[in-house]
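Please read them beside the coordinates.

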Amino acid sequence: SPDYADNTKFADEWLPAQAGTDAALAMAMGHVILKENFVDRRVEFFENYVSTYTDFPFLVTLETREDGVTVPAKFLTAANLAEHAQVPDASFKTALLNRETGEVVVPNGSLGYRYNAEDEGKWNLDLQGVKPALSILDLPTGAERAVEIQMPAFDEPSGRGKIITRGVPTITVEGKTVTTVFDLMLAQYGIGRPGLPGTWAAGFEDAETQYTPAWQEAITSVPAEAVIRTAREFAQNSIDSGGRTMIIMGAGICQWYHGDTTYRAILALLMMCGAEGRNGGGWAHYVG
């Protein structure tokens, strides 16, 4: 809570973000968690969770518009794959890559398995031994090429949007250029990797690049050092406890424009750290 209330005295750490700036705080925490636990090192507990229970490994097509700009487009689905195109509800069955073989896989559990009799019994998340590639860079052959994409950012005080340009690793699948949701997330959060073009955060202290701890400080008033410390403790607690990290919040964010997007930025922290759906962890919401 941004206001000094009765409950504040019980907190070990109080991060008094200015009202309405929760998304900036959450994005900066996500920046730290992704950088330190998915790029600088690979935490197996987190990777196993996001590979099974989130859309991080799913493939997204990239589209080059008439003006020459490349942007993320739709998910690659079974309907785009000759081998799977005739299965029921193919347009609603998303695809990923087998990390060990590079093979395109259409796993159980996506929306296309829910509403037809032929797929009865496949409404589950059993990967059947497949280890998904979180990033195109995880494939045995690596990426075919890095592609610069453009994405919107709305971090100006005026609310005006601007364009950021960052690179993602890609391969071609049946004539379509694809990357993963995870690769797009790293691009969105400004976390660079060797060989990828674009404008990236120079470090946590880079106040000019979106979603760093230093960047959020001017927006939320929360010190960058406090955000870094809290994000690290958030992730480490999840590792130590097996995902028993919980976020409790009420309806305050609902009162702000684009509150749903703010919620997603906060929920993403739980998914990154394998906490959603755990006893003692996850999303605890009260009020409307």
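1. Strands E1 and E7 pair in the antiparallel sense over three bridges, where two strands pair if DSSP finds at least two bridges between them, and where helices (H or I, at least four residues) and strands (E, at least two) are DSSP runs numbered from the N terminus. Within this pair, Leu59 stands opposite Thr180 in E7. The model is a predicted one, in which local features need pLDDT of at least 70 and side-chain atom pairs count only at pLDDT 80 or more, while totals for chains, interfaces and linings use all residues. Residues are numbered from 1 along each chain as its sequence is written, and side-chain values use heavy atoms, with hydrogens and water left out.

2. On the pairing of E1 with E2, four bridges join the two strands, which run antiparallel, and the bridge partner of Leu62 in E2 is Pro72. The hairpin that these strands form has five residues between them, and there Gly68 takes a positive phi near 90°.

3. Strand E6 (residues 162-173) is joined to strand E7 (residues 176-180) by three bridges, again with an antiparallel course. Here Val173 is the residue that stands opposite Lys176 in E7.

4. Is H3 enclosed or open? Eight of its nine residues are buried, so helix H3 is largely enclosed by the rest of the structure; buried means under 20% relative accessible area, exposed over 50%, and partly exposed in between, with a 1.4 Å probe and protein chains only. The buried residues of H3 are Val181, Phe182, Asp183, Leu184, Met185, Leu186, Ala187 and Tyr189. Just after the helix, Gly190 takes a positive phi of about 80°.

5. Not counting residues up to four places away in sequence, Pro152 touches Lys162, Ile163 and Gln188. Pro152 and Tyr263 are 111 residues apart in sequence and 19 Å apart in space, C-alpha to C-alpha.

6. Two packed helices are described by the angle between their axes and the distance between the axes. For H1 and helix H6 (residues 259-272), the angle is about 25° and the axes are 8 Å apart, which makes H1 roughly parallel to H6; angles under 35 degrees count as roughly parallel, over 145 as roughly antiparallel, 65 to 115 as roughly perpendicular and the rest as oblique. The crossing of H1 and H6 is left-handed, a term used if the near helix is turned anticlockwise from the far one by less than a right angle, with right-handed for clockwise. On the H1 side, the contact is made by Asp22, Ala23, Ala26, Met27, Met29, Gly30, Ile33, Leu34 and Phe38, and on the H6 side by Thr262, Ala265, Ile266, Leu269 and Met272. By class, this contact has eleven nonpolar, two polar and one charged residues, with Ala, Val, Leu, Ile, Met, Phe, Trp, Tyr, Cys and Pro counted as nonpolar, Asp, Glu, Lys and Arg as charged, and the others, Gly among them, as polar.

7. Two backbone points deserve a look. Ser221 has a positive phi of about 80° although it is not a glycine, and this residue is found in the loop between helix H4 (213-220) and helix H5 (224-241). His258 likewise is not a glycine and has a positive phi, of about 60°, and His258 lies in the loop between strand E8 (246-249) and H6. At 38% relative accessibility Ser221 counts as partly exposed, and at 47% His258 counts as partly exposed.

8. Lastly, Thr8 is placed in the segment before helix H1 (22-39), and its relative accessibility of 8% makes Thr8 count as buried. Leaving aside neighbours within four places in sequence, Thr8 is in contact with Asp3 and Trp14.

How values were computed:
Contact = heavy atoms within 4.5 Å. Axes fitted to C-alpha atoms, helices over the stretch in contact; angles between N-to-C directions.
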